[in-house]
Amino acid sequence: MNQPSSPDAAAIRGRSLLGAMGQSLRLLTTDSFAVVGLAVLLLFVVIAISAPWIAPYEPFKAMMTESGRLNRLAPPSSAHLLGTTSFGNDVLSQFLHGFRVALLVGLVAAVAVGLISTIFGVVSGYFGGYVDDVLMRITDVALSIPTLPFSIVAVALLGPSVENIILVITILFWRNGARIIRSAVLTERERVYVKWARAAGASHLHIIMRHILPNIVRVIFLWVTMSVAFAVLTEASLSFLGLGDPTVISWGQMLNTAFSSGNLRTAWWWVIPPSLALVLLVSSLYLIGRAYEEQTNPRLRRR
Amino acid sequence: MTSTSLATPENRTASPATMQALATLNDRLAAKPAAHLRVEKLSIAYSTARGPFHAVDDVSFEVKPGTNLGLVGESGCGKSTVIKALIGLQPEGTKVSGQALLDGQEILGLSERALQDVRWTKISLITQSAMNSLDPVYCIGDQICEAIQAHESVSRATAWARAEEMFALVGLPASRLHDFPHQFSGGMRQRTVIAMALALNAGMLLADEPTTALDPIMQSQIMSRIRGIHEHMRRSMILVTHDIAVVAETCENTVVMYAGKVAEKGPTTDVLARPLHPYTMGLQNAFPRLPVKGQPRQALISIPGIVPNLLRPPPGCRFAGRCPFATERCHIEAPAVTAVGAQSAACHYIDRAPEFREAAARPETWRKLGAGA
Amino acid sequence: MRAYILRRLAQSVLVIWAVTTIMFFMFRVMPADPTAILLERGLSDEARNALLEQWGLTGSLWDQYVAYLGNLLVGDFGSSFLYRKPVWEVLTPLIINTLWIAVPGLLLGAALGAAIGTAVGWARRGGKLERTGIFLATVIRGVPNFVIGIALLTVFSSTLGWFPGFGMGDPGQNVGFARYFTLDFLHHLALPLIAVIIYFMPENLLLMRSGVVENRTEDYIELVRAKGVSQGRVAWHAARNSMLPLITWLFPALAETIAGIVVIEIVFSWPGVGRELVLAVTRQDYPVAQAAFFLLAVMIVLANLAADLVYGKLDPRVVYK
C-alpha cells in the first residue's frame, strides 16, 4: 500500500465495517476451493432449514413391518430410502434432522466465539496495559487445557444438552481467537493513518470501528470459519462418545448408536450418510478457512 | 603476479594465512583458465498477469577472458535480469531467447540437471543482498562446503580446508567459519558470499550489485577487495552496478543499459571520456566525480522522469521520453546501433554527440525537461 | 540457558497449578454426588461417611482443596471409587498403552506430513500437484477421527479381515513388557496406529507446505540453486527452514492430539488413558477421571516446554535469556 505523504480527509475517515465485510466475502469467490466450500455450506443450510418438511417420518418413531413387528435394520427400500436403525427408526429422517443440530451448534458457538474473541482481542490489543496482561495470563493457562477431555468432563458434569455443549465449545475456543485477533490489532494500531486519525481528534470508538475492525475483518472471518468447524467436530465427537443431547438427533449420536449396538459392519446405510455429511461440512469449512489464510498471509500470495 | 595487488585498506600487510591461501590457490587457478562469454540478441520476457514484461530486449555483448565488464544503468533497466538468466535463475514461466556462449557452450535454456554442472564450476554468482543470501540455519562453513562438495568428490575435511583458504582470501579469520549468518555483519556476509563464489575457481564471475546493501565505507572496502581479487586471479567477470564511478575504477569494458536495451557499450575509458548516448551523459552527471584541480566542483544532476512501462514498450527510442535532445523521430523510430571505433551506441544523432556532451554538462539542460514533463 | 529452563519450569508449575485448581472446583462444585454409585449398593450412612473421609470429601471446600493439593504434591491421586484401588495402579498400564499408539503415530504422521508437504510446497504454483495436494489434505483434515476409525475398521477388519478390530489382543503367556513384543500385539496395534497417522498428517502437511512456499522465494534459496546443488538438496534447505514454525506448532498439537486420541481409543477399544477417562466420567469415578485429565494437562505443558527447547536447537538465532 502506498502511504500518502500527508494526512488527507479520506485516510482519517477510514472505511466502513460493512464495506470491508462485503469485500472480504467477495474475495472468497476468487478462490475456486472456497467457492466449492461455500456451495456445500449453502446446500447444508437449505437442508437444515427444510429438514422437518422433507423428512418422511418422525426421527424417533419406531417403524413397524406389516406383520406388526419392529422393522429393525431394514436395508434401503422405497419406503425407507436409507433403511432403518436397530430401533426401527428411519435413517433418512434422522439424518436430515442431524443437519439442524450440526449447523445450530456450529453457527451459534462460532458467533459466540467470534464475538468474545473479537471483544477481548480488540480491547487487549488496542488498549494494552493491565487488560492485556490479564488476558495473556488467562490464555496461557487456558491453552494448557486439553480440549476434548475438558469438554468430556464439563459436559458430563453440566449435563448433556445442546446449550451446555455450545457453552463448553465457546469456553474452549475463544482463547485462541482472542490471541490471533489481538496480534492483528497490534499491527493495525501502529499504522500511520491510525496516528493521523488520533492526531485529528478521532475518538477511540471511531478508530476501532473505522480503522481497526475493517482491516482485521479477514482475520476474524478466518477464526469464525475455523470455529464453526471445531464446534461441529467437538459436538460430533461428544455425541459419538455418548455425551450428546439425548433429546435431539445428531450425526455423532447416530454413529454412536450404530457403534454401540454393534451394527457398524453390516448397516452401511446407517453409517455412511452421517459420516459423509460430517466430512463434507467440516472440509468445506476448512476450504473456506484456507482461502482466508492465503489472503491474510502476504507471503503465501502468488507473485 | 604478486600478492601486492591485493593491497586494500584492510590488509595492506597480507597475513601469513592469506599468503598461504594465495599460494595454493595459484596452483588450482592454473588448472582452470578464465572463461570467454559471448551474449547474442538476448531477450527476456517475464510472464505477468497483465501480459509479457519485456525486461531485456536484444542485448549483445562479449566478455573476453580475464576481463571485467561493467553493466550499468538505473534500477529496473534489466541488468540483474541478464545476470539471473545467465545462471539460469529466471522465475518460472520466463521467456528467454537469444544465445549465450560460455567458452563455446550454449548456457541458455539448459535443463535443471545440465545447469547443475555449469553452475559454480564454470560460472558463479556474487549475489545482490548478502544480508539474506545465506541460509540462516546452517553455519557459514557448511554452506561453502556444500558448494564444493556438490561438484567435487572431496572429503568434508578437504572442503573445509578449502573454505578456510577462501576465507583467508577475503580477509576473514578461519575460526569464524563455525559462525552462523546472523552473527556476521553485513560486510562480513558480503565477503562470505564472495569467498563462496571463488570456491571452485569458476572461469566466469557474475557480481550482481555486490555493494548496494552496504554503507559507503564498507562499499569501497568490498569494491577494492573485488578489484584485488580480480587483478590477482584474472577471472572473467561481469559487474552489475548503478554507480558509474565503480565501473570507471574496476572494469575494462562497459555496457550501459536502459529499459532493457543496450544504450551504449565499449571500452570503459572511451565510454566515460566520450559518451555517445545522452543516457550515459545523464548517468555521469548523477554521480559525484573527483574534483579536478582548477575546475569548479560539479553539481549532481539527476535525470528527471522514470523508466517506461515495459508491458507496452514505446515504439521509438526508449529514452526519448527523458532525453533533453529528443526529436519527433526519436519517439517514432527505434535507433539502430552505430559503431564509432570500438565504441557503439543506439542513438539517431550519434554525430551530434560532442555538442550534446557540452549541453549535458549544464544543469539547466535537464531541468528544462523536468519542468516541461 | 539453565536460568531460562528454570524460569520456564517455574512457569509450567504455575500453569499446572492453575489447571488443577480449575479441575478441582469443576469436580467439586458441580451438583453430582460422587458416592451416588456406591449408595445404590446399599451403603449405610456410617460406611458412607467413612468412605467420604477416606476420599477427602469431608470438611469445607477449602480444607478439601488444601488436602487435595497436598496429596497431588506427593503424587497421590486417591483411589478409584469403582476399582477400589489406588488411581495410579489403574492408570499406569493405560499410560503405556496410550503412548504406544500416540508416540509412533504422531512421529510418523508428522514425518509423512512434512515430507509430502515439502513436495506440495515445492511443486509449481497453481499446478496440478499443488492443487490436488492442498485439496486432499484439507478434505482429509476435515474427516473426524472417529470416522477415520470407523472407515478403517469397516474396510480392513470387517470386510477384508486383515486386522483385528478390537482391543490389544490376548497377552497369553506374555505378561508385563513382553506382551508388547508379540506379533499379536503389533497386529492389533496396526489399525489404531494408522488412524492416528491419518488424523495427524494433514495439518502437518498444510503447515509444511505454507512454510516451503514462503521460503522458496527467499534470497538464500536462490544462492543455493546458483551453487549447482541437486534439486532435492535445494528443497531440503527450504524444508529445513520451514521446520521451525512447524515445531512450534507440532508440540502443543502433539499433546492436543494425544487428547484427540481419546476417540480413537474408544473406536478400537484400545485400553488407554483416554478411553478410561470417558469410562470414568460415565461411571462417575471421579478420582480416575481427575487423574486422567491431570495427566493430559501435564503432557501438554511438558510438550510446550520441549517445543521451546527443540526450537532453540534447530534455530541458531535463538538466544535463551
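How many residues of chain C are in contact with chain A, and how many residues of chain A do they meet?

Analyst: This is a predicted model, and in it 42 residues of chain C are in contact with 36 residues of chain A. On the side of chain C that touches chain A, the elements of chain C giving two or more residues are α1 (2-29), α6 (128-141), α7 (145-159), α8 (183-216), α10 (231-267), α11 (273-282) and α12 (286-314). The largest share of that side is the seven residues that come from α10(C). Sorted by class, the residues of this side of chain C are 29 nonpolar, nine polar and four charged.

Chain C also touches chain B, and there 21 residues of chain C are in contact with 24 residues of chain B. At least two residues of that side are supplied by each of α9 (219-226) and α10 of chain C, and the largest share, seven residues, comes from α9(C). The side of chain C that touches chain B holds seven nonpolar, five polar and nine charged residues.

Turning to chain A itself, the unreviewed UniProt entry lists residues 33-55, 101-128, 148-174, 219-241 and 267-289 of this chain under "transmembrane region". Two of these annotated spans can be set beside the model. Residues 148-174 of chain A are 89% helix and 0% strand, with end C-alpha atoms 15 Å apart, while residues 267-289 of chain A are 96% helix and 0% strand, with end C-alpha atoms 34 Å apart.

Helix α11 of chain A covers residues 268-296, and its 29 residues reach 41 Å from the first C-alpha to the last, which is close to the 42 Å expected at 1.5 Å a residue. This helix is mostly covered, since 21 of its 29 residues are buried. Leu276(A) lies in this helix, and it counts as partly exposed because it has 14 C-beta neighbours inside 10 Å. The C-alpha atom of Leu276(A) is separated by 39 Å from that of Leu135(A), which is 141 residues away along the chain.

Chain B brings strands into the picture. Eight of its strands form an open sheet with mixed pairing, in the order β6-β7-β8-β3-β9-β10-β12-β11. At the edges stand β6 (123-126) and β11 (337-340) of chain B, and because each has a single partner strand, one side of each is left without a neighbour in the sheet. On average, and with direction ignored, neighbouring strands of this sheet are turned by 20° against each other.

Across β6 and β7 of chain B lies helix α6 (residues 186-198) of chain B, which runs at about 180° to β6(B).

Chain B also has an open sheet of four strands, in the order β2-β1-β4-β5, with antiparallel pairing. Its edge strands are β2 (51-63) and β5 (105-106) of chain B, each of which pairs on one side only. Strand β4 (residues 95-102) of chain B meets β5(B) in the antiparallel sense over two bridges, and the bridge partner of Leu101(B) in β5(B) is Glu106(B).

Terms used:
Residues are numbered from 1 along each chain as its sequence is written. Chains are lettered from A and ligands numbered from 1 in the order in which they are written. This is a predicted model: local features need pLDDT of at least 70, side-chain atom pairs count only at pLDDT 80 or more; totals for chains, interfaces and linings use all residues. Two residues are in contact if their C-beta atoms, placed from the backbone, lie within 7 Å. Ala, Val, Leu, Ile, Met, Phe, Trp, Tyr, Cys and Pro count as nonpolar, Asp, Glu, Lys and Arg as charged, and the others, Gly among them, as polar. The expected span of a helix is 1.5 Å times one less than its number of residues. A residue is buried if 20 or more other C-beta atoms lie within 10 Å of its own, exposed if 12 or fewer, and partly exposed in between; C-beta atoms are placed from the backbone. UniProt positions are given in the numbering used here, feature names are shortened, and annotations may be inferred rather than shown by experiment. Two strands pair if DSSP finds at least two bridges between them. Axes are lines fitted to C-alpha atoms, for helices over the stretch in contact, and angles run from 0 to 180 degrees between N-to-C directions.
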